[in-house]
Amino acid sequence: MEILQEYERKARKDHICNYCGGVIKKGERYHYSKIKGDYLYEWKSHLACIKAATGLWEFIDPDEGMSSDDFCDGCHEFCTTFLCPDCEHYEKETEECLADESFCVDKIAETFENYDLVKDREGPLWWKWHLKERRQAPHD
């Protein structure tokens, strides 16, 4: 897989996000990629989805790119592990999230603005994931 072009665009019509399946509305800024794999194709995504996908890439561990299903499963697993326990939309008794998926993607993207997802070895065969706060550059 090779990314031939990648940039931010403003939608001239409605599109479907290739990650979450939601609508990218006319006039909304979105991420665009032209990709060459077995064939040439376009990949369009919400800005929050591309931020979340970039942060989740190693966590999801896709071998040949990240499908919509990989993205949704990874978002769900990340949320239930790192965000849901402290979220006001999380029902502790049933262990269910009551927020819609776009809220969770936005929270994931927001999390990756200040944190990196890192893994540490926990035993010979196991990895443990955790969030590590980014150091802010000192202001002059």
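Analyst: A residue is called buried under 20% relative accessible area, exposed over 50%, and partly exposed in between (1.4 Å probe, protein chains only). Helices (H or I, at least four residues) and strands (E, at least two) are DSSP runs, numbered from the N terminus. This is a predicted model in which local features need pLDDT of at least 70 and side-chain atom pairs count only at pLDDT 80 or more, while totals for chains, interfaces and linings use all residues. Residues are numbered from 1 along each chain as its sequence is written, and side-chain values use heavy atoms, with hydrogens and water left out.

User: Over what arc around the axis of α2 do its buried residues lie?
Analyst: The buried residues of α2 are Phe71, Gly74, Cys75, Phe78, Cys79, Phe82 and Leu83. An α-helix has 3.6 residues a turn, so residues three or four places apart point the same way.

User: Which exposed residues does the face of α2 turned away from its buried side carry?
Analyst: The buried side of α2 includes Phe78 and Phe82. The face turned away from that side carries the exposed residues Asp69, Asp73 and His76.

User: Which aromatic cluster does Phe78 belong to?
Analyst: Rings of Phe, Tyr and Trp (its six-membered ring) pair if their centres lie within 6.5 Å; planes under 30 degrees apart count as stacked, over 60 as edge-to-face and the rest as tilted. Phenylalanine 59 and phenylalanine 78 form an edge-to-face pair, 6.1 Å centre to centre with 85° between the planes. Phenylalanine 59 lies in helix α1 (residues 47-60) and phenylalanine 78 in helix α2 (residues 68-83), so this pair ties together parts 19 residues apart in sequence. The cluster is formed by Phe59, Phe78, Phe82, Phe112 and Trp129.

User: Is phenylalanine 78 buried or exposed?
Analyst: Its relative accessibility is 0%. Phenylalanine 78 therefore counts as buried.

User: Which residues does threonine 111 touch, not counting residues up to four places away in sequence?
Analyst: Threonine 111 lies in helix α3 (residues 101-114) and is buried, with a relative accessible area of 11%. Contact means heavy atoms within 4.5 Å. With residues up to four places away in sequence not counted, threonine 111 touches Phe78, Leu83 and Leu131.

User: How far is the charged end of arginine 9 from the centre of the ring of tyrosine 32?
Analyst: Tyrosine 32 is buried, with a relative accessible area of 2%. A charge sits over a ring if NZ of Lys or CZ of Arg is within 6 Å of the ring centre and within 35 degrees of the ring normal. The charged end of arginine 9 sits over the ring of tyrosine 32, and its distance from the centre is 3.7 Å.

User: How many disulfides does the count come to?
Analyst: Cysteine 75 is in no disulfide, as the nearest cysteine sulfur, that of cysteine 72, is 6.5 Å away. By the disulfide rule, the count comes to zero.

Methods:
Disulfide = S-S within 2.5 Å.
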